[in-house]
Amino acid sequence: MKVQPAVQTNDNPRFVSTLTRNTLALILAGGRGTRLKNLTDWRAKPAVPFGGKFRIIDFTLSNCVNSGVRRIGVVTQYKAQSLIRHIQRGWSFLDGRFQEFIELLPAQQRTEEGTWYQGTADAVFQNLDILRTHNPGYVLILGGDHIYKMDYGRILAEHVERQADLTIACLEVPVEDASAFGVMAVDDSWRTTSFAEKPEHPAPIPGKPGYALISMGIYVFNAKFLYEQLIQDHDMDQSSHDFGKDVIPRLVASNARVYAHRFQNSCVNMASGVPYWRDVGTVDAYWKANIDLTTITPDLNLYDEDWPIWTHQEQLPPAKFVFDDDDRRGQALDSMVSGGCIISGATVRRSLLFSNVQIRGYSTIEDSVILPNVSIDRHAYLKRVVVEKECQIPEGLKVGFNPDEDRKHFYVTDDGITLITPEMLGQGIHYIR
């Protein structure tokens, strides 16, 4: 069956059709993301702010909506309140009269065992009754914790054309980074011949010794086939009930029709022909991906009107810069500054400021990511830091110049990025972030 693009947008054909409308997306958004350290003390990783005004999950949700996949379930578990609040406030525009919705699916001990979600496959299994009620032809399973822009219609069309049981989106990465992912091997037709979850020694791509083919955690299943596999996996006592560890390796070994989909075939807005996909799962990676947005031509295009990133839009005044004295000038250079910010006689360089950040006189902020509702008092000097929401930086605080001294009070990464939270400053606990 050959599926043709239904909508043409510039040079990007979108597969918005009965195929996407017959698909239900499940976003697995229950993980903590422990490598982000204190940024996930009070929120799940998909709820971590990113890019000045978004949260990480907004990219996956926007991909769904822009692709025409508008029946969406969000599976939550770990400290989900800020994530739930964000979806309620920012993603309530889908219209149920047209069978469009975003449905929150928290862990509810829905099975006879009465357990919380035990793994990615179990999280879907525990919602089988809900899936069957919606009666999709295809189930698109996604993670909610990566930054990328992808037309899911293309992977769906490829899945149907190949008559696959399961299609896995894949990406080439350096071998030294591949052990954190599921590593795949394929034949000439891109049928998957092996799959190993987080192997200690990843196998390189034949002919490309420095690279491995990894799973992006994006799966397209025929719905009925998925239900059968989840029930079978649930009945296996030795299974950890995870797609990457259990279900997919078993399907590949059983000679099911498992195919790989090259991400570059569906990536939107590739910079210089290189597909953009970031796992911002460490403080260093999070800082780097945010700071990249302040460069002249960032790898991620947030200014694309054809593939917008949707989010909860706060009603805030424009950013404001005041004072123009030689020793006290409100200015931001090579930076992104969000609404509600006031830079009062301070200097900001190569930094990203989220909404409602106030920086007072004689302070200097460089190479830093400042999350919402942060107040920075006079004569503060911050360099290569990530400042959590609600922090009140005291007058004269100097961070980013002496790592040994910074480690006495804050978290400092191996690459020298310092994370500052309200708790580290002795300012109490702010639970909903």
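This is a predicted model: local features need pLDDT of at least 70, side-chain atom pairs count only at pLDDT 80 or more; totals for chains, interfaces and linings use all residues.

Me: Which strands sit at the edges of the open sheet of 6 strands?

Reply: The sheet runs in the order E20-E23-E26-E29-E33-E32, with mixed pairing. An edge strand pairs on one side only.

Me: In E26, which residue is the bridge partner of Leu353?

Reply: Strand E23 covers residues 352–353, and strand E26 covers residues 369–370. The two pair in the parallel sense over 2 bridges. Within E26, the partner of Leu353 is Ile370.

Me: Is Ser215 buried or exposed?

Reply: Ser215 belongs to strand E13, residues 211–222. Its relative accessible area is 6%. The cut-off for buried is under 20%. Ser215 is therefore buried.

Me: Which residue has its backbone nitrogen 3.1 Å from a polar atom of the Ser215 side chain?

Reply: Leaving out residues up to four places away in sequence, Ser215 touches Ile168, Ala169, Phe181, Gly182, Met184 and Phe195. The side chain of Ser215 also has a polar atom 3.1 Å from a backbone nitrogen. That nitrogen belongs to Gly217.

Me: Which elements do the buried residues of H3 pack against?

Reply: Helix H3 spans residues 81–90. Its buried residues are Ser82, Leu83, Ile84, His86, Ile87 and Gly90. They pack against strand E5 (54–55), helix H2 (57–67), E6 and E7.

Me: How much space lies in the largest cavity?

Reply: The count comes to 1 cavity of 30 Å³ or more. Its lining includes Leu24, Phe101, Glu103 and His134. The space in the largest cavity is about 50 Å³.

Me: Which elements each supply at least two residues of the lining of the largest cavity?

Reply: By class, this lining has 7 nonpolar, 3 polar and 1 charged residues. Ile72, Gly73, Leu105, Asn127 and Ile130 are among them. The elements that each supply at least two are strand E3 (23–28), strand E6 (71–76), strand E7 (101–106) and helix H5 (128–134).

Me: Which element gives the largest share of the lining of the largest pocket?

Reply: This pocket holds about 1200 Å³ of space. Helix H4 (120–125), strand E8 (138–143), strand E12 (192–197), E13 and helix H9 (243–253) each supply at least two lining residues. The largest share is 4 residues, and it comes from E13.

Me: Which residues of the lining lie nearest the centre of the largest pocket?

Reply: The lining has 40 residues. They divide into 14 nonpolar, 17 polar and 9 charged. Nearest the centre lie Thr120, Asp145, Glu197, Lys198 and Asp242.

Me: How many charged residues are in the lining of the second largest pocket?

Reply: The second largest pocket has a volume of about 920 Å³. It is lined by 30 residues. The classes include 16 nonpolar and 3 polar residues. The charged residues number 11.

Me: Which residues lie nearest the centre of the second largest pocket?

Reply: Strand E10 (166–174), helix H7 (175–178), strand E15 (277–278) and helix H10 (283–292) each supply at least two residues of this lining. Nearest the centre are Val173, Asp177, Trp277, Arg278 and Asp279.

Conventions. Residues are numbered from 1 along each chain as its sequence is written. Side-chain values use heavy atoms; hydrogens and water are left out. Two strands pair if DSSP finds at least two bridges between them. On a 1 Å grid over the protein atoms alone, a cavity is a set of points where a 1.4 Å probe fits but cannot get out, and a pocket is an open set with protein on both sides within 12 Å along at least five of seven lines; lining residues have an atom within 4 Å of a point. Grid points are joined across faces, edges and corners, and a volume is the space filled by probe spheres set on the points. Ala, Val, Leu, Ile, Met, Phe, Trp, Tyr, Cys and Pro count as nonpolar, Asp, Glu, Lys and Arg as charged, and the others, Gly among them, as polar. Buried means under 20% relative accessible area, exposed over 50%, partly exposed in between (1.4 Å probe, protein chains only). A polar contact is a pair of N or O atoms within 3.5 Å; within protein, one must be able to donate a hydrogen and the other to accept it, and residues adjacent in sequence count only if both atoms are side-chain atoms. Contact means heavy atoms within 4.5 Å.
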